[in-house]
Amino acid sequence: MAAMTPLTVGFDLDMTLIDSRPGIKAAFQEYSARTGVPIDADLVVSRLGPPLEHELAHWFPESEIAARTAEYRALYPLYAIEPSLALPGARDAIQAVRAAGGRAIVVTAKNGPHAALHLTHLGMEPDAVIGGLWAEGKAEALRAYGARVYVGDHTGDVRGAVTAGALSVGVATGPCDADELRGAGADIVLGDLTEFGAWWDGFLAGQAEDRSAV
(Lines give C-alpha, C1' and ligand atoms only; values in the text may rest on other atoms or scores of the structure.)
Protein backbone atom coordinates (compact mmCIF):
# COMPACT_ATOMS: atom_id res chain seq x y z
CA MET A 1 0.00 0.00 0.00
CA ALA A 2 1.40 3.44 -0.94
CA ALA A 3 2.19 5.80 1.92
CA MET A 4 -0.27 8.63 2.37
CA THR A 5 1.02 12.07 1.36
CA PRO A 6 1.20 14.35 4.41
CA LEU A 7 -1.36 17.14 4.51
CA THR A 8 0.65 20.13 3.28
CA VAL A 9 -0.07 23.73 4.20
CA GLY A 10 1.71 26.60 2.49
CA PHE A 11 2.38 29.95 4.11
CA ASP A 12 3.43 33.26 2.62
CA LEU A 13 6.29 35.01 4.44
CA ASP A 14 6.17 38.83 4.54
CA MET A 15 3.25 40.10 6.63
CA THR A 16 1.89 36.56 6.99
CA LEU A 17 4.54 34.88 9.14
CA ILE A 18 6.84 37.84 9.74
CA ASP A 19 6.58 41.60 10.07
CA SER A 20 9.47 42.48 7.79
CA ARG A 21 8.57 46.17 7.61
CA PRO A 22 11.22 47.38 10.10
CA GLY A 23 13.96 45.46 8.32
CA ILE A 24 12.91 46.36 4.79
CA LYS A 25 12.54 50.00 5.78
CA ALA A 26 16.08 50.00 7.20
CA ALA A 27 17.43 48.30 4.07
CA PHE A 28 15.74 50.77 1.72
CA GLN A 29 16.89 53.74 3.79
CA GLU A 30 20.46 52.49 3.55
CA TYR A 31 20.10 51.81 -0.16
CA SER A 32 18.68 55.28 -0.73
CA ALA A 33 21.64 56.80 1.10
CA ARG A 34 24.12 54.75 -0.93
CA THR A 35 22.57 55.52 -4.31
CA GLY A 36 21.56 59.12 -3.63
CA VAL A 37 18.09 58.33 -4.98
CA PRO A 38 15.25 59.55 -2.71
CA ILE A 39 13.16 56.50 -1.78
CA ASP A 40 10.12 56.77 0.49
CA ALA A 41 10.77 53.72 2.68
CA ASP A 42 7.47 54.14 4.52
CA LEU A 43 5.62 53.93 1.20
CA VAL A 44 7.67 50.87 0.24
CA VAL A 45 6.69 48.93 3.36
CA SER A 46 3.02 49.88 2.98
CA ARG A 47 2.74 47.75 -0.16
CA LEU A 48 4.75 44.60 0.53
CA GLY A 49 3.84 41.48 -1.39
CA PRO A 50 4.96 41.77 -5.02
CA PRO A 51 8.53 40.91 -6.02
CA LEU A 52 11.39 43.31 -5.28
CA GLU A 53 11.72 44.19 -8.94
CA HIS A 54 8.19 45.61 -8.93
CA GLU A 55 9.08 47.97 -6.10
CA LEU A 56 12.40 49.07 -7.54
CA ALA A 57 10.61 49.98 -10.78
CA HIS A 58 8.95 52.84 -8.88
CA TRP A 59 12.36 54.41 -8.20
CA PHE A 60 14.70 53.41 -11.03
CA PRO A 61 14.55 53.17 -14.85
CA GLU A 62 13.62 49.77 -16.24
CA SER A 63 17.07 49.35 -17.77
CA GLU A 64 18.64 49.46 -14.27
CA ILE A 65 16.33 47.06 -12.44
CA ALA A 66 18.47 43.93 -12.74
CA ALA A 67 21.57 45.68 -11.44
CA ARG A 68 19.66 47.52 -8.71
CA THR A 69 18.09 44.27 -7.55
CA ALA A 70 21.51 42.69 -7.14
CA GLU A 71 22.83 45.72 -5.25
CA TYR A 72 19.89 45.82 -2.86
CA ARG A 73 20.01 42.09 -2.20
CA ALA A 74 23.71 42.31 -1.36
CA LEU A 75 23.02 44.68 1.55
CA TYR A 76 19.70 43.12 2.61
CA PRO A 77 21.10 40.58 5.12
CA LEU A 78 23.06 43.34 6.88
CA TYR A 79 20.04 45.56 7.51
CA ALA A 80 16.78 43.63 7.12
CA ILE A 81 17.10 40.40 9.09
CA GLU A 82 17.74 41.57 12.66
CA PRO A 83 14.90 44.16 12.93
CA SER A 84 12.18 41.94 11.43
CA LEU A 85 9.76 40.25 13.84
CA ALA A 86 7.61 37.14 13.98
CA LEU A 87 3.92 37.97 13.69
CA PRO A 88 1.63 36.80 16.52
CA GLY A 89 0.70 33.15 16.16
CA ALA A 90 3.18 32.44 13.35
CA ARG A 91 5.34 29.88 15.15
CA ASP A 92 2.29 28.21 16.63
CA ALA A 93 0.65 27.92 13.20
CA ILE A 94 3.65 26.10 11.74
CA GLN A 95 3.89 23.87 14.79
CA ALA A 96 0.16 23.07 14.65
CA VAL A 97 0.48 21.78 11.10
CA ARG A 98 3.49 19.66 11.96
CA ALA A 99 1.94 18.38 15.19
CA ALA A 100 -0.93 16.99 13.13
CA GLY A 101 1.53 15.07 10.97
CA GLY A 102 1.39 17.61 8.16
CA ARG A 103 4.02 19.54 6.28
CA ALA A 104 4.38 23.33 6.57
CA ILE A 105 6.05 25.00 3.61
CA VAL A 106 6.80 28.65 2.90
CA VAL A 107 6.13 29.94 -0.61
CA THR A 108 7.15 33.56 -1.07
CA ALA A 109 8.03 36.19 -3.64
CA LYS A 110 11.17 36.95 -1.62
CA ASN A 111 14.30 35.20 -2.84
CA GLY A 112 14.79 31.87 -1.11
CA PRO A 113 18.11 32.53 0.69
CA HIS A 114 16.82 35.70 2.36
CA ALA A 115 13.54 34.01 3.30
CA ALA A 116 15.52 31.20 4.92
CA LEU A 117 17.65 33.73 6.85
CA HIS A 118 14.51 35.34 8.28
CA LEU A 119 13.02 32.02 9.33
CA THR A 120 16.23 30.77 10.93
CA HIS A 121 16.73 34.04 12.81
CA LEU A 122 13.19 33.86 14.19
CA GLY A 123 13.36 30.18 15.09
CA MET A 124 10.75 28.99 12.60
CA GLU A 125 11.31 25.59 11.01
CA PRO A 126 9.09 24.90 8.00
CA ASP A 127 9.64 21.74 6.00
CA ALA A 128 10.59 23.64 2.85
CA VAL A 129 11.16 27.21 1.69
CA ILE A 130 10.45 28.13 -1.92
CA GLY A 131 11.24 31.68 -3.00
CA GLY A 132 10.89 33.84 -6.09
CA LEU A 133 7.23 33.07 -6.79
CA TRP A 134 4.44 35.64 -6.91
CA ALA A 135 0.65 35.50 -7.26
CA GLU A 136 -0.44 32.84 -9.77
CA GLY A 137 3.20 31.75 -10.02
CA LYS A 138 2.97 30.40 -6.46
CA ALA A 139 0.74 27.65 -7.78
CA GLU A 140 3.86 26.02 -9.25
CA ALA A 141 5.26 25.21 -5.81
CA LEU A 142 1.88 24.57 -4.20
CA ARG A 143 1.10 21.92 -6.81
CA ALA A 144 4.58 20.42 -6.64
CA TYR A 145 4.23 19.90 -2.88
CA GLY A 146 0.57 18.89 -3.05
CA ALA A 147 -0.49 21.77 -0.81
CA ARG A 148 -4.15 21.58 0.20
CA VAL A 149 -4.15 24.97 1.94
CA TYR A 150 -2.30 28.24 1.31
CA VAL A 151 -2.22 31.02 3.88
CA GLY A 152 -1.35 34.59 2.87
CA ASP A 153 -2.05 38.25 3.48
CA HIS A 154 -2.24 39.55 -0.09
CA THR A 155 -4.75 39.19 -2.91
CA GLY A 156 -1.84 37.79 -4.91
CA ASP A 157 -1.64 34.96 -2.38
CA VAL A 158 -5.32 34.27 -2.87
CA ARG A 159 -4.83 34.09 -6.63
CA GLY A 160 -1.95 31.67 -6.14
CA ALA A 161 -4.06 29.39 -3.97
CA VAL A 162 -7.01 29.48 -6.35
CA THR A 163 -4.78 28.72 -9.33
CA ALA A 164 -3.32 25.73 -7.48
CA GLY A 165 -6.75 24.45 -6.45
CA ALA A 166 -5.84 24.91 -2.77
CA LEU A 167 -8.05 26.28 -0.02
CA SER A 168 -7.23 29.97 0.35
CA VAL A 169 -6.87 31.23 3.92
CA GLY A 170 -6.37 34.99 4.09
CA VAL A 171 -4.91 36.80 7.07
CA ALA A 172 -5.64 40.52 7.39
CA THR A 173 -2.17 41.43 8.64
CA GLY A 174 -0.78 42.91 5.45
CA PRO A 175 -1.71 45.59 2.92
CA CYS A 176 -5.02 43.93 1.96
CA ASP A 177 -7.95 44.11 4.35
CA ALA A 178 -10.49 41.35 4.97
CA ASP A 179 -12.92 42.63 2.34
CA GLU A 180 -10.20 42.74 -0.31
CA LEU A 181 -9.13 39.19 0.51
CA ARG A 182 -12.70 37.91 0.34
CA GLY A 183 -13.28 39.83 -2.88
CA ALA A 184 -10.26 38.12 -4.43
CA GLY A 185 -11.72 34.72 -3.59
CA ALA A 186 -10.34 33.78 -0.17
CA ASP A 187 -12.29 30.85 1.30
CA ILE A 188 -11.49 31.84 4.89
CA VAL A 189 -10.27 35.13 6.35
CA LEU A 190 -8.59 35.32 9.75
CA GLY A 191 -7.71 38.45 11.66
CA ASP A 192 -4.21 37.11 12.24
CA LEU A 193 -2.47 33.80 12.83
CA THR A 194 -3.49 33.66 16.49
CA GLU A 195 -6.83 32.49 15.03
CA PHE A 196 -5.21 29.79 12.92
CA GLY A 197 -5.14 27.08 15.62
CA ALA A 198 -8.89 27.09 16.21
CA TRP A 199 -9.60 27.15 12.48
CA TRP A 200 -7.07 24.34 11.88
CA ASP A 201 -8.67 22.13 14.53
CA GLY A 202 -12.02 22.59 12.84
CA PHE A 203 -10.55 21.93 9.42
CA LEU A 204 -8.95 18.68 10.62
CA ALA A 205 -12.20 17.58 12.24
CA GLY A 206 -14.00 18.18 8.96
CA GLN A 207 -11.41 16.17 7.07
CA ALA A 208 -11.86 13.28 9.51
CA GLU A 209 -15.63 13.37 9.07
CA ASP A 210 -15.27 13.33 5.31
CA ARG A 211 -13.03 10.26 5.46
CA SER A 212 -15.37 8.43 7.79
CA ALA A 213 -18.28 9.09 5.46
CA VAL A 214 -16.56 7.43 2.52
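In the chain, residues 24 or more positions apart account for 60% of the contacts with a separation of 6 or more; a contact means heavy atoms within 4.5 Å. The structure is a predicted model, in which local features need pLDDT of at least 70 and side-chain atom pairs count only at pLDDT 80 or more, whereas totals for chains, interfaces and linings use all residues. Residues are numbered from 1 along each chain as its sequence is written, and side-chain values use heavy atoms, with hydrogens and water left out.

The secondary structure comes to 10 helices and 8 strands. Both are DSSP runs numbered from the N terminus: helices are H or I with at least four residues, and strands are E with at least two. Along its principal axes, the C-alpha trace spans about 65 × 35 × 30 Å. Of the 214 residues, 47% are buried. Buried means under 20% relative accessible area, exposed means over 50%, and partly exposed lies in between (1.4 Å probe, protein chains only). The chain exposes about 9800 Å², and carbon and sulfur atoms supply 53% of this area. Accessible areas come from the Shrake-Rupley method with a 1.4 Å probe; for residues, only the protein chains shown count as cover.

An open sheet is built from 6 strands. Their order is β5-β4-β1-β6-β7-β8, and the pairing is parallel. Two strands pair if DSSP finds at least two bridges between them. β5 (128–130) and β8 (188–190) stand at the edges with a single partner strand each, so one side of each has no neighbour in the sheet. Neighbouring strands are turned by 25° against each other on average, direction ignored. Axes here are lines fitted to C-alpha atoms, for helices over the stretch in contact, and angles run from 0 to 180 degrees between N-to-C directions.

Strand β4 covers residues 103–107 and pairs with β5 in the parallel sense over 3 bridges. In this pairing, I105 stands opposite A128, and V106 stands opposite V129. Strand β1 (residues 8–11) runs parallel to β4 and is joined to it by 4 bridges. Here T8 stands opposite R103. β4 is mostly covered, with 4 of its 5 residues buried.

Helix α8 spans residues 155–164. The helix is largely enclosed by the rest of the structure, because 7 of its 10 residues are buried. These are T155, G156, D157, V158, G160, A161 and A164. Their cover includes α7 (139–144), β6 (147–152), β7 (167–171) and α9 (178–184). After α8 comes G165, whose phi is positive, near 75°.

T155 lies in α8. T155 counts as buried because its relative accessibility is 17%. Its side chain makes a polar contact of 3.5 Å with the side chain of H154. A polar contact is a pair of N or O atoms within 3.5 Å; within protein, one must be able to donate a hydrogen and the other to accept it, and residues adjacent in sequence count only if both atoms are side-chain atoms. Leaving aside neighbours within four places in sequence, T155 is in contact with C176, E180, L181 and A184.
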